Amino acid sequence: MAVFSRKHIYSFFKTGQNKSILLKTHLFKNAILGVLSSETSNLIMAEVKVIGSSIGVSLFCYRVEWALKLKGVEHELIAEDLRNKSPMLLKYNPVHKKVPVLVHNGKPIAESLVILDYIEDTWKENPILPENPYDRAMARFWGKFADEKCLTEVWTAFCTEGHGQEKAVESAIETLRILDKQVKGKKFFGGETIGFLDLVVGWIPHWLAAFEKVGGMKILDAETLPSLHEWADNFIQIPMIKESLPPMEKVINYFQGSRKYMLSLAADKK
Ligand SMILES: N[C@@H](CCC(=O)N[C@@H](CS)C(=O)NCC(=O)O)C(=O)O
């Protein structure tokens with residue numbers, strides 16, 4: 001069943017000839033809502049909330065935010081203090097107790113990749129996954145690879161120092177080379193426009209730059225990872241992305257604390 005937000009109903013009618021007169025009249029709005037079934041009306045009133053981090057630098061939350069923006073889904077952001085998790089977060093994500101959590105009509109969905117899938121299934125406009133089932137599966141495969149391998153290895157390099165870090169950086173670059181091949185000859189992973197995988201690896205241009213600066217390492221280099229480097233330049237130029245990014249100082253400041261903490265944990269283990 002198609003799910004429409006109030007905005008989408010309006011934009012549908014916007015395409016009609018009498019758009020400005022019709023759109024802005026409350027009478028018209030009420031007439032439209034009146035003739036729809038109560039079930040559909042509930043969907044129009046659908047409430048979409050995203051529980052995110054109060055610090056505002058969570059790369060997992062940003063991909064969800066971007067997907068909703070791409071689809072024009074109005075939503076409310078709820079800032080969660082992750083040092084003092086709220087009963088609401090624990091209720092909505094009792095398994096992982098992490099953000100983001102998408103809450104749609106009171107029903108929670110956790111894990112950002114699962115949330116992206118849900119968004120795609122629920123709001124059909126501006127698809128982020130290809131139509132063909134095989135291509136869809138491939139996009140999901142690479143998304144999983146990007147999170148489980150690329151991001152994890154970059155994070156390991158970020159949380160290490162000395163010789164250990166050099167080795168970790170090499171390993172991260174090797175893994176990113178695989179991703180580099182995937183985007184070779186294309187503007188975006190999704191083709192001419194951004195899609196699922198672009199959103200998943202959307203942390204690379206901004207967050208990786210912060211990790212490199214704070215961690216004193218270089219990973220994304222135009223010579224070593226030419227296609228990914230070019231992709232990063234293209235991705236960050238998209239107005240919706242560029243305008244939504246958290247200030248770099250804020251990201252750096254936050255991850256300076258994270259690195260210090262991770263290094264202190266490693267030192268304690270020795
Ligand atoms: N695999 C999860 C990762 C989410 C995640 O790590 N969220 C962090 C914020 S960036 C979090 O909630 N951390 C709180 C904690 O680990 O207790 C996803 O894709 O949604």
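Okay, confidence to start with: the chain averages a pLDDT of 88, and 83% of the residues score at least 70. pLDDT, as a reminder, is the predictor's confidence in each residue, from 0 to 100. This is a predicted model, so local features need pLDDT of at least 70 and side-chain atom pairs count only at pLDDT 80 or more, while totals for chains, interfaces and linings use all residues. Residues are numbered from 1 along each chain as its sequence is written.

Helices (H or I, at least four residues) and strands (E, at least two) are DSSP runs, numbered from the N terminus, and two strands pair if DSSP finds at least two bridges between them. So what is the strand order in the open sheet? It goes β2-β1-β3-β4, with mixed pairing. β2 (76-80) and β4 (107-110) stand at the edges with a single partner strand each, so one side of each has no neighbour in the sheet. On average, neighbouring strands are turned by 25 degrees against each other, direction ignored. For angles, axes are lines fitted to C-alpha atoms, for helices over the stretch in contact, and the values run from 0 to 180 degrees between N-to-C directions.

Let's walk across it. β1 and β2 run parallel, joined by five bridges, and V50 has L77 in β2 as its bridge partner. β1 and β3 are antiparallel over four bridges, with K49 partnered by V103 in β3. Then β3 (residues 101-104) and β4, also joined by four bridges, run antiparallel, and there V101 has A110 in β4 as its bridge partner.

On to the helices. Helix α5 (residues 59-71) packs on the sheet, touching β1 (48-53) and β3, and its direction makes about 155 degrees with that of β1. Helix α7 (residues 112-122) packs on the sheet too, touching β3 and β4, at about 125 degrees to the direction of β4.

Two backbone details. V99 and P100 are joined by a cis peptide bond, omega about 5 degrees, and P100 is in the loop between α6 (87-92) and β3. N105 has a positive phi of about 50 degrees although it is not a glycine; it lies in the β3 to β4 hairpin, which has two residues between the strands.

Last, the ligand. Which residues are around the ligand? They are S53, S58, F60, L82, K97, K98, V99, P100, E111, S112 and L113, where near means that the C-beta atom, placed from the backbone, lies within 6 Å. By class, that shell has five nonpolar, three polar and three charged residues. Here Ala, Val, Leu, Ile, Met, Phe, Trp, Tyr, Cys and Pro count as nonpolar, Asp, Glu, Lys and Arg as charged, and the others, Gly among them, as polar.

Note on methods. Two residues are in contact if their C-beta atoms, placed from the backbone, lie within 7 Å.
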